[in-house]
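Please consult the sequence and the structure shown below.

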Amino acid sequence: MLASSTITTLRQQLVAGDITPRDIILDLAKAIESRNTSLGAYLSWDIEAALAEADKADTSGPLGGIPIAIKDNINVTGQPCTCGSRILSENYTAPYDAGAIQRLRAGGAVPFGRLNMDEFAMGSSTENSALGVTRNPRDLERVPGGSSGGSASAVAGDLAIAALGSDTGGSIRQPAALCGCVGIKPTYGRISRYGLVAFASSLDQIGPLTKTVADSALLLNHLCGHDPRDSTSLNVETPDFTASLGKDIKGLRIGLPKEYYINGIHPGVSASVQAAIRKLESLGAIIEEISLPHTELGVATYYVLAPAEASANLARFDGVRYGRSASAADLMEHYTRSRSEGFGPEVKRRILLGTYVLSSGYYDAYYIRAQKARTLIRDDFTEAFKKVDVILSPTSPMPAHKLGEMKDNPLAAYLEDVFTIPVNLAGLPGISVPCGTVEVEGKALPVGLQIVGKALDEATVLRVAHAFEQS
Amino acid sequence: MPAAHQIDIHHVAKLARLTLTEDEALRYAAQLDGILTYIDTLTQHDLGAAEPTAHAMPVYDVLRADVSRPGFTQEQALSNAPKRSGDQIQIPKVIE
């Protein structure tokens, strides 16, 4: 079955002439049609359009003829871009390609299918999508994580070869961990955000979810690069990330933050991560305890900054130029009705929170303090990286929870992002790789190992992830 | 438990251009109070003289050359407009 293959394998088959790009699309379409009803990973897919593109694909390109599934907040010309929201679900067709999509196309890839997500990427279970339920392929009663839950469910469930996601506080790494695939958030600024619907602009970053570390490295080679249409895009060289794979990790220094290995981590998750640490040690890595003293401020800092930025970014949804539009007697009613009918509960909650922390009298107490805390958190990492090359932790303290289990407790759900959030606040690259499973109620639930590197040092992160994956 | 933060939720909603039902107002006020109580770890912590950080990577004042470049055609720009009148986007009356 081609749908269960990796990019690397399919490329060999394509180059050898054993298969055509059309064969891959048709096989994926068959898999999606038979199993998407139960997984709910895709919100929509256009087979005819994908076949037309596949037939034209330049298979000589390094990604030639490979279909990549896309999170539904990244614009692809002529396709929907719902962001999992009713405000965009009925009447928006993307009139342009995002920068990341243009780069994929330049490598010969074919964007195919739109993947479910928490509404506007706000959430970590995909339960906040207004457009459908996505399930974890390892246990259909459980969430796939989020917000890129559709991406992780599709890749781990063999309904996609690879996918794009976006990560603001862990939204690529956490669902990859919970579903059992690889997901990497590169350094802030590596991949253009042009055409990614903005949630929290100073934290958002696009990245791939794949079945192997090698596939992630290959996709990063093509996704990264300067884009003048994103003013935060970094004008730096993109190395060949695949070149770092297969190199050994002897003498590499790995840091374990003492603040991370605390009560509150599921014992099965803890055991898997400890086993992973011993394995890396046996491969020649040197394990050291480090300190990230401001860890406890991470989640609070994030839940000031991200909603503040979101409340400003989502002001554009006013029912005038695009999106849901309510009928109203005057312009103010038009705004408030369009927005109140269009946004779901979690988005409203965060817009209200963001508006509150930015409002007169609270700005200094919350927003400025959070920006100061962000400095301290970033400085923690700068200090730690003077001693070590990468930092290891669980990706998520818990395995996937059951659908509906966290519904009435938004704060408890926020606290599960404790290991992923600081990485976004500091703008660093982080990957989640599968590191075993934990047995819960007769199901083997995946556990993810998070490897965090210095800014722009994805190469080392990938090297360690690859060495672990291959061991 | 009494609310620790006296949030005027309807005022905040008005600033955010949202309207809330009474049910929503009660629920959001309680939930925001819980979240803000947690966020108060920031206000209780001595942050010293740390400078505020807006962005993790040092990218400042990016300017582009002041020359024209291709953009949307009029048709593309109007393609998602909920209401249009000829080549313009139509909105409810603003001026009496």
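Which residues in α10(A) and α13(A) meet? A:Gly298, A:Thr301, A:Val304, A:Leu305 and A:Ala308 in α10(A) face A:Tyr366, A:Tyr367, A:Ala370, A:Ala373, A:Arg374 and A:Ile377 in α13(A), contact being C-beta atoms, placed from the backbone, within 7 Å. This is a predicted model, in which local features need pLDDT of at least 70, side-chain atom pairs count only at pLDDT 80 or more, and totals for chains, interfaces and linings use all residues. Residues are numbered from 1 along each chain as its sequence is written, with chains lettered from A and ligands numbered from 1 in written order.

**α10(A) with α13(A)**
- The axes of α10(A) and helix α13 (residues 363–384) of chain A are 9 Å apart, at an angle of about 125 degrees.

**α10(A) with α12(A)**
- Helix α10 (residues 298–313) and helix α12 (residues 345–358) of chain A have axes that come within 7 Å and cross at roughly 100 degrees.
- α10(A) and α12(A) are therefore roughly perpendicular.
- Residues of this contact include A:Pro307 and A:Ser311 of α10(A) and A:Ile351 and A:Leu358 of α12(A).

**Chain A with chain B**
- Chain B contributes 43 residues to the contact and chain A contributes 58 residues.
- On the side of chain B that touches chain A, α1 (9–15) and α2 (22–44) of chain B each give two or more residues.
- The largest share of that side, ten residues, comes from α2(B).

Note on methods. Axes are lines fitted to C-alpha atoms, for helices over the stretch in contact, and angles run from 0 to 180 degrees between N-to-C directions. Helices (H or I, at least four residues) and strands (E, at least two) are DSSP runs, numbered from the N terminus. Angles under 35 degrees count as roughly parallel, over 145 as roughly antiparallel, 65 to 115 as roughly perpendicular and the rest as oblique. Two residues are in contact if their C-beta atoms, placed from the backbone, lie within 7 Å.
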